Amino acid sequence: MSQPVTESRPIAATRSYDARGLACPLPVLRARKLLAEMAPGEVLEIVTDDPVARIDLPHFCAEAGHAHLGLHEDGPDQFHTIRRA
């Protein structure tokens, strides 16, 4: 399984969503719904504190064809950046 790319500079998100407090599989389901509403090439930042999301969100992106651009962690919070396919 490939690891998410970690970018050194932030990528400007078109849309953001706070999924903290939501457990697996809800962060992925919310990301799927939001990405479906976005235009190709737009960028979603989703913030979660679910430890499993560091595996689930990159896997979801790979399966759905989206680009998981990066993961930044700050304490228990994970900031995932995803470009819609």
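Visitor: Is Cys61 buried or exposed?

Guide: This is a predicted model, in which local features need pLDDT of at least 70 and side-chain atom pairs count only at pLDDT 80 or more, while totals for chains, interfaces and linings use all residues. Residues are numbered from 1 along each chain as its sequence is written, and side-chain values use heavy atoms, with hydrogens and water left out. Buried means under 20% relative accessible area, exposed over 50% and partly exposed in between, with a 1.4 Å probe and protein chains only. Because its relative accessibility is 1%, Cys61 counts as buried.

Visitor: How many disulfides does the structure hold?

Guide: A disulfide is a pair of cysteine sulfur atoms within 2.5 Å. By that criterion, the number of disulfides in the structure is zero.

Visitor: Which residues of H2 make the contact with H1?

Guide: Helices are DSSP runs of H or I with at least four residues, strands are E runs of at least two, and both are numbered from the N terminus. The axes of H1 (residues 26–37) and H2 (residues 53–64), as lines fitted to C-alpha atoms over the stretch in contact, come within 9 Å and cross at roughly 35°, on a scale from 0 to 180 degrees between N-to-C directions. With contact meaning heavy atoms within 4.5 Å, H1 contributes Pro27, Val28, Ala31, Arg32 and Leu35, and H2 contributes Asp56, Leu57 and Phe60.

Visitor: Which residues does Phe60 contact beyond its sequence neighbours?

Guide: Neighbours within four places in sequence are left aside here. The contacts of Phe60 are then Val28, Ala31, Arg32, Leu35 and His66.
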